[in-house]
Amino acid sequence: MDPQDHERFRDFVDARWSALLRLANLLTGGDRHEAEDLVQIALMKALGRWRHIDDPEGYVRKVMYRHQISRWRLRRPHREATFAVPPEDAGVSDGTSAADLRIAVGQALARLTPRQRTMLVLRYFEDMSETEVASALGCSVGTVRSTTHRSLSRLRSLAPELGAPPRAASGTPSSNLAKGAHS
C-alpha cells in the first residue's frame, strides 16, 4: 500500500469509525466488545482490497452484514443479555423520552436472535429496502419479508413497553422503530 492509499484509509477510518461502531453495536445486540471486533474485522478486510474499492462505506458495511451472518451460522448457544429493570415512568417530561426510547429499543433488540436483529437493523435503522437487504444478506426478498414480520412480532411481545404500532393508511403495519422508514 502506497502512502497516499494509507492516508486515504486512515482518513476514512477517522471520519466513519463512530458511525460504523453504532451500526455494529446494533448488529451485535449492544455488546460493545463484539461491535468493536466486527468493525475491526471489516476494516481489516477493506484494507487488503483498499485500492480496488470504489465505495469504502458500502464495502465495509456489507462485510459487517455478512460477517454477522457467519456468526448466526456458527450456531453458538444463544446468550441472553440481562439488564436491570428500568424504574417506572414518573410521568415527568424532562426531555429524556428520546433517550429512554433509544435505551428500550436497544434492550429489546438485544433480546432478539442475531438474525432477527440484523434484519430489523438493516430494514429500519439502515433504511434499506427489502431488495437491498436481500442483496446484502444473500437471501430472497420473501425471506426478508417473513423474517422481518416475525422479528417485529417477537420484538412487540418481548418489549410491550415500546407500544403497539399505528396502522399506516395503506394498511401496512409500521413500527416505532421505523419512523421515517419506507418500503
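Colleague: Which residues touch the most other members of the largest nonpolar core?

Modeller: First, the ground rules: this is a predicted model, where local features need pLDDT of at least 70, side-chain atom pairs count only at pLDDT 80 or more, and totals for chains, interfaces and linings use all residues. Residues are numbered from 1 along each chain as its sequence is written, and side-chain values use heavy atoms, with hydrogens and water left out. A nonpolar core is a set of buried Ala, Val, Leu, Ile, Met, Phe, Trp, Tyr and Cys residues joined through side-chain atoms within 4.5 Å; buried means under 20% relative accessible area, exposed over 50%, partly exposed in between (1.4 Å probe, protein chains only). The largest such core has 41 residues, and the members touching the most others are Leu43, Val60, Met64 and Tyr65.

Colleague: Which helix supplies the largest share of this core?

Modeller: Helices are DSSP runs (H or I, at least four residues), numbered from the N terminus. Helices 1 to 7 each supply at least two core residues. The largest share is eight residues, and it comes from helix 1.

Colleague: What does Tyr65 touch, beyond residues up to four places away in sequence?

Modeller: Contact means heavy atoms within 4.5 Å. Tyr65 is one of the core members that touch the most others. Its partners are Leu23, Leu27, Leu122, Glu126, Met128, Ala136 and Leu137.

Colleague: Are helix 5 and helix 7 roughly parallel or roughly perpendicular?

Modeller: Axes are lines fitted to C-alpha atoms, for helices over the stretch in contact, and angles run from 0 to 180 degrees between N-to-C directions. Angles under 35 degrees count as roughly parallel, over 145 as roughly antiparallel, 65 to 115 as roughly perpendicular and the rest as oblique. Helix 5 and helix 7 pack at about 105°, with axes 9 Å apart. The pair is therefore roughly perpendicular.

Colleague: Which residues does Thr147 contact, leaving aside neighbours within four places in sequence?

Modeller: Thr147 is found in helix 7. Its relative accessibility is 5%, so Thr147 counts as buried. Its contacts are Arg115 and Met119.

Colleague: How many salt bridges are there?

Modeller: The rule asks for a side-chain nitrogen of Lys or Arg within 4 Å of a carboxyl oxygen of Asp or Glu. One of the pairs is Asp5 with Arg8, at 3.3 Å, N to O. The count comes to eight.

Colleague: Which residue forms a salt bridge with Asp2?

Modeller: Asp2 is partly exposed, because its relative accessibility is 29%. The closest N and O atoms of the bridge are 3.4 Å apart, and the partner is Arg51. Asp2 lies in the segment before helix 1 and its partner in the loop between helix 2 and helix 3, so the pair ties together parts 49 residues apart in sequence.

Colleague: Is Glu57, which forms a salt bridge with Arg16, buried or exposed?

Modeller: The closest N and O atoms of Glu57 and Arg16 are 2.7 Å apart. Glu57 lies in helix 3 and Arg16 in helix 1, so the pair ties together parts 41 residues apart in sequence. Arg16 is partly exposed at 28% relative accessibility. Glu57 has a relative accessible area of 18%, so Glu57 is buried.
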